[in-house]
Amino acid sequence: MNEGYAQKHFPTGSVFGNVAKTLKRNSFVLLIAAGFMLTGCLAGLVWSIRRTLEVAAEGDKDVLGIGIGFCVFWVVLVLLLGVSSYFGIRNMTKKREDYIRASAKYSKLPESEIEDFDRQALASDTYILKLTAGLDRILSNATNKDGLLTRDYIYLAGPAQAVIRVKDLKACCFNDYTYYVNTGKRSKKIHCLAVTLISSNGVTDTSDTTEKAGRALMALLKERNETIDTNDGMVLPEGALSAYMKKILAS
């Protein structure tokens, strides 16, 4: 970790303070978009109700059914956008402490340890984990893109904001997963490489990775905790991760 990277990526001086700032900004943009769409849907609903009432007054039962269907359609859209706006507003009101609390709950660690990780994160001896590159990095759902390895903790910057003690790590392994993309005439199956961390308290965290970056991470973690299982560097096929986790946690 260097001062330039810290100032660029964590201007608040805190990993979780930056998470709060980033998600607030994203929520604000989504809230504006949802507001425009909600306005349009409400206009459509009002028009549909008026038109349906006019048709009802004319006594045209066939057209009346269609009008009611349109009203229901607009109501559903309004409700969906309303729920989205509600959660957007909630995200905008969350503070650093809220993300610390959520991370502690998912990580099964006391909040004091999450605070400890946050203090260690910007220290000069922290490693910045650039696990993905190119398109994988662009498509990543991580908040900060890069993971962090501090003196005592590892953090992959995933949506759950999991923090894992290095001394508690049971495994760090490669696993394969797939998704489908529509190429026009047919769907194409895409294979992706991920690295998964498994902690002794049952907490797991996963990130997309390149093979080179994943092997470097395994070597780095083994230096600090030689008991970590790496599955001999082999890639678990899709669907095999769950059985592997059960075996590791039972050992």
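Which residues in α5 are buried? The legends below, which describe close-up views of a predicted model, take up this question in the second view.

**View 1. The open sheet β1-β2-β3-β4 in the predicted model.** Four strands make up this open sheet, in which the order is β1-β2-β3-β4 and the pairing is antiparallel. Its edges are formed by β1 (127–129) and β4 (164–165), each of which pairs on one side only. Strand β1 is joined by 3 bridges to β2 (residues 147–149), and the two run antiparallel; within this pair, I128 stands opposite L148 in β2.

**View 2. Helix α5 against the sheet.** Helix α5, which spans residues 111–121, lies across β2, β3 (153–155) and β4, and runs at about 80° to β3. The buried residues in α5 are E113, I114, F117, D118, Q120 and A121. Because these residues cover an arc of only 165° around the axis, they are placed on the same side of α5.

View 3. The structure holds 1 cavity of 30 Å³ or more, and the volume of the largest cavity is about 30 Å³. Its lining consists of L129, L131, T132, K145, D146, G147, L156, S207 and D208. Among these lining residues, L129 falls within the range given for β1 (127–129), while G147 falls within that of β2 (residues 147–149).

**View 4. The hairpin of β6 and β7.** Strands β6 (residues 187–199) and β7 (residues 204–208) run antiparallel and are joined by 5 bridges. They form a hairpin with 4 residues between them, and in the turn G202 has a positive phi of about 90°. Along the paired strands, the bridge partner of T196 is T206 in β7, and A194 stands opposite D208, also in β7.

Key. Residues numbered from 1 in each chain as written. Predicted model: local features only at pLDDT ≥ 70, side-chain atom pairs only at ≥ 80, totals over all residues. Heavy atoms only, no water. Pairing = 2+ DSSP bridges. Contact = heavy atoms within 4.5 Å. Axes fitted to C-alpha atoms, helices over the stretch in contact; angles between N-to-C directions. Buried < 20%, exposed > 50% of the residue type's maximum accessible area, 1.4 Å probe, protein only. Arc of directions from axis to C-beta. 1 Å grid on protein atoms, 1.4 Å probe; cavity = no way out; pocket = protein on both sides within 12 Å on 5 of 7 lines; lining within 4 Å. Points joined across faces, edges and corners; volume = space filled by probe spheres on them.
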